[in-house]
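Biologist: Before I rely on any label in this model, I would like to go through the labels with you and ask what stands behind each.

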Amino acid sequence: MTNTTTTTPYTAQEETDRDATAEPFEGVYPAMTTPFTDDDEVDHDQLADNARYMERAGVDGVVPVGSTGESATMTHDEHVAVIETVRDAVDDIPVIAGTGSNNTAEALSLSERAADAGADGLLLISPYYNKPEAAGFLEHYRTIADAVDLPQIVYNVPSRTGQSIPVDVTVELAEHPNIQGYKAASGDLNLISEVIERTRDEAFSVLSGDDGLTLPVASIGGTGTISVVANVEPERSCAMVGAALSGDYDRARALHHELSPLVRELFAETNPIPVKEAMHIRGRGGPRVRSPLSRLSEERRGRLRDLLAEYETSEPGAVDVSAVGGAE
């Protein structure tokens, strides 16, 4: 969606920079956290600062108010206000707003409001709890795609929704001109590979939704990632994805392994609990998460702080993963 090229300090070599392509969504899109004040209100100043920080770091877009953004505990007005803040904060990258719901009418309303707030695209989690049949999935997504003229990403995360979107459904949805992407968070590489294989003739991007699988997904034709770790290490994330998309798999593998200890720690407890703590350690907002989530355990806080210190003091490719990879 953007013509910018990832040229962070970690991808300064000419051979790892990538050219813009015709893919609807390509590169690194941080799934943004939503910082809260001690009074449990959205901290819009910190939110805007985080968005600007990520843009400076070279990300290809940002994704506010998704699962990592705690959208499930936000009012619709808060949801829209977050989109507006992020849209106002960034200059040249797209804002892909999470607007999904298990209620089609609610998802449609949120999507329309997001469009009015300036969103450049939509991320739509599959309907959770209801457990629709194939016909229900199709009607749900087509209703929104027909009504809202923005690029839309179908989000498959069965660990949160209770069921996986059938591949046949995804392939059929990819024929809709407004449904242009798929966030793959099933952990099932066979399923993801089939989606990529069967949508190659469409203007349709498959993005990893699992940070630990971003490189494997790229290797089978994925176009990037909607990433949690990119909140904390956006430059390294851009470097890894940029190297993979330009075919430099030696460099991509090295950076994958460099990031892997942090990825493991960020999912040691329910997302976004650890990443909110990591952002707090980095001075990018408080660690507060909304109930029923709770703050990261004290034992994990120390491990995360020590791990982040390794990244702060080491150049890319120089983190001693053998020293930090056993943080369990």
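The conversation below sets values against their definitions.

Modeller: This is a predicted model, in which local features need pLDDT of at least 70 and side-chain atom pairs count only at pLDDT 80 or more, while totals for chains, interfaces and linings use all residues. Residues are numbered from 1 along each chain as its sequence is written, and side-chain values use heavy atoms, with hydrogens and water left out.

Biologist: What makes up the secondary structure of the chain?

Modeller: The chain has 13 helices and seven strands, where helices (H or I, at least four residues) and strands (E, at least two) are DSSP runs, numbered from the N terminus.

Biologist: Why is Lys276 called buried?

Modeller: Buried means under 20% relative accessible area, exposed over 50%, and partly exposed in between (1.4 Å probe, protein chains only). Lys276 has a relative accessibility of 1%, and therefore counts as buried. The residue is found in helix H11, which covers residues 273-281, and across the chain of 328 residues, buried ones make up 56%.

Biologist: Why is Glu197 called partly exposed?

Modeller: Its relative accessible area is 47%, so Glu197 is partly exposed. Glu197 lies in helix H7 (residues 189-198), and its C-alpha atom is separated by 8.8 Å from that of Ile220, 23 residues apart along the chain.

Biologist: Which side chain forms a polar contact with that of Lys276, and what does the term require?

Modeller: The partner is Glu70, with the two side chains joined at 2.7 Å. A polar contact is a pair of N or O atoms within 3.5 Å; within protein, one must be able to donate a hydrogen and the other to accept it, and residues adjacent in sequence count only if both atoms are side-chain atoms.

Biologist: Which other residues are in contact with Lys276?

Modeller: Contact means heavy atoms within 4.5 Å. With neighbours within four places in sequence set aside, the residues in contact with Lys276 include Thr33, Phe36, Glu70, Pro287 and Arg288.

Biologist: What makes one space a pocket and another a cavity?

Modeller: On a 1 Å grid over the protein atoms alone, a cavity is a set of points where a 1.4 Å probe fits but cannot get out, whereas a pocket is an open set with protein on both sides within 12 Å along at least five of seven lines; lining residues have an atom within 4 Å of a point. Grid points are joined across faces, edges and corners, and a volume is the space filled by probe spheres set on the points.

Biologist: What lines the largest pocket?

Modeller: Its lining has 27 residues, of which Gly66, Ser67, Ser71, Ala72 and Tyr128 lie nearest the centre. Helix H2 (76-89), helix H3 (104-116) and strand S3 (121-125) each give two or more residues to this lining, and S3 supplies the largest share, three residues. The space in this pocket is about 540 Å³.

Biologist: How many cavities of 30 Å³ or more does the search find, and what lines the largest?

Modeller: The search of the whole structure finds one, and the largest cavity has a volume of about 80 Å³. Its lining has 13 residues, with Asp211, Val229, Met240, Leu259 and Val263 nearest the centre. Two or more residues come from each of S7, helix H9 (234-245) and helix H10 (249-266), and H10 gives the largest share, four residues.
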